[in-house]
Amino acid sequence: MTEPIVITMGDPSGVGAEVTVKALASSPAALRASAIMVGDRDTVARAAKVCDVALPVIAPNDAGDGIRVDHVPVDNLPGKFGVLSPACGEASFRYIERAVESTMSGSAACIVTAPINKEALNAAGHHYDGHTGMLAHLVGSASSWMLLASERLNVVHVSTHVSLKDAINRATTARVLETIRTGHRHLRRMGLEAPRIAVAGINPHCGENGLFGTEDDDFVAPAVRAAEAEGINVRGPISADTVYHRAYQGDFDLVVAQYHDQGHIPVKLVAFDSAVNVSLGLPIDRCSVDHGTAFDIAGTGKANHVNMLSALDYAARMTGKPPARTSS
């Protein structure tokens, strides 16, 4: 496959440009040749300077080695790091829009996203809860899922950026079942013949037979039974206070979390710098760093690029590209 991986720069005031140039600079030249940043050329050049990256910033079709940038012009960018700006929110949206257009048309293989700032995005008039919802809208998908992938713990979420009250209401049998199916399909694609899936319960101890609520009996358990009937290797609901430990120890390949914090907290505890955010259920492939814009250190060159390397490695696995590292 000759189509490149496209990397959206994220918020121009954040650390996205820095972690991307660091990751590309530390990767093999073959990876740089098959990767294109979508963003602002001047911001990338400033990031390269503060990070002591000597590679030139070049256009996508230029010959030679360098950081390839598909420049998307946006008016009124602040020109410095660490600034909350509607113009940066607009830029973040346009970079993602360009990457989606490239990927949907078949001229790009996969999107890797650097972090955006949701406040800046909404200030620019783009009212999304984050990358996943925005991508689903841009590609016309009615549903999407967030997978957090790491070496020893993988978690897919029934819901993410909603209130806890709304999350409980969204944990319907249909949604839980489709989450199980989606996670199963993805892990099979990634090379697991029969993924072992565990479904976390909603209530403490899965409700203790109705003592602490009946949602697990009424909605989650029927979804698990339906998935089992389809031949999926799934168990649950299993109490959330034990299921992640069991998965981390090797009992399961994937945990279905019922809501945002139930899945994010354990992954960020054990793989804060290496977990990759993967969007499932879309007609395109997208993965991302699992951290924010870090305005407080943006422009200092201190941002850790290990998470971007993990995201590039995951994208390489999905698309058959050269890895960002010899091992991950």
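These questions and answers go through a predicted model and show how each label follows from a value.

Q: What makes phenylalanine 93 and tyrosine 128 an aromatic pair, and why is the pair called stacked?
A: The ring centres lie 6.4 Å apart, and rings pair if their centres lie within 6.5 Å. The angle between the planes is 10°, and planes under 30 degrees apart count as stacked. Therefore both words apply to this pair. A search of the whole structure finds one aromatic pair.

Q: How do you know that this pair links distant parts of the chain?
A: Phenylalanine 93 belongs to helix α4 (residues 86-105), and tyrosine 128 to the loop between α5 (118-123) and α6 (131-139). The two residues are 35 residues apart.

Q: Are phenylalanine 93 and tyrosine 128 buried or exposed, and why?
A: Buried means under 20% relative accessible area. Phenylalanine 93 has 9%, so it is buried. Tyrosine 128 has 18%, so it is buried.

Q: Is histidine 245 buried or exposed, and why?
A: Exposed means over 50%, and histidine 245 has 52% relative accessibility, so it counts as exposed. Histidine 245 is placed in helix α10 (residues 240-248). From C-alpha to C-alpha, histidine 245 and cysteine 287 are 25 Å apart in space, and 42 residues apart in sequence.

Q: What makes the charged end of arginine 152 count as sitting over the ring of tyrosine 248?
A: The charged end of arginine 152 is 3.7 Å from the centre of the ring of tyrosine 248. The distance has to be within 6 Å, with the charge within 35 degrees of the ring normal. The charged end of arginine 46 sits over the ring of phenylalanine 81, at 4.6 Å from its centre.

Q: How do you know that α12 is largely enclosed by the rest of the structure?
A: Of the 14 residues of α12, 12 are buried, so the rest of the structure largely encloses this helix. Among them are Asn307, Met308, Leu312, Asp313 and Tyr314.

Q: What span does helix α8 have, and what is expected?
A: Helix α8 (residues 173-189) has 17 residues and reaches 24 Å from its first C-alpha to its last, close to the expected 24 Å. Its buried residues include Val176, Leu177, Ile180 and Leu187. Just after α8, glycine 191 has a positive phi of about 110°.

Q: Which residues have the most contacts inside the largest nonpolar core?
A: They are Ile7, Met37, Val112, Ile180, Met308, Leu312 and Tyr314, in a core of 82 residues. Helix α12 (residues 306-319) gives the largest share, seven residues. A second, separate core has 16 residues, including Leu153, Val155, Val243 and Ala271. Not counting residues up to four places away in sequence, isoleucine 180 touches residues including Ile197, Val199, Ala223 and Val256.

Q: Why are β3 and β9 called edge strands?
A: Each of β3 (57-58) and β9 (234-238) pairs on one side only. They belong to an open sheet of 12 strands with mixed pairing, in the order β3-β4-β2-β1-β5-β12-β11-β6-β7-β10-β8-β9.

Q: How do you know that β5 pairs with β1 and with β12?
A: Two strands pair if there are at least two bridges between them. Four bridges join strand β1 (residues 5-8) to β5, and three join β5 to strand β12 (residues 286-289), so β5 pairs with both. β1 and β5 run parallel, and so do β5 and β12. Isoleucine 111 in β5 stands opposite valine 6 and opposite arginine 286 in β12.

Technical notes
Residues numbered from 1 in each chain as written. Predicted model: local features only at pLDDT ≥ 70, side-chain atom pairs only at ≥ 80, totals over all residues. Heavy atoms only, no water. Phe/Tyr/Trp six-rings, centres within 6.5 Å; stacked < 30°, edge-to-face > 60°. Buried < 20%, exposed > 50% of the residue type's maximum accessible area, 1.4 Å probe, protein only. Core = buried A, V, L, I, M, F, W, Y, C linked by side-chain atoms within 4.5 Å. Contact = heavy atoms within 4.5 Å. Expected span 1.5 Å × (residues − 1).
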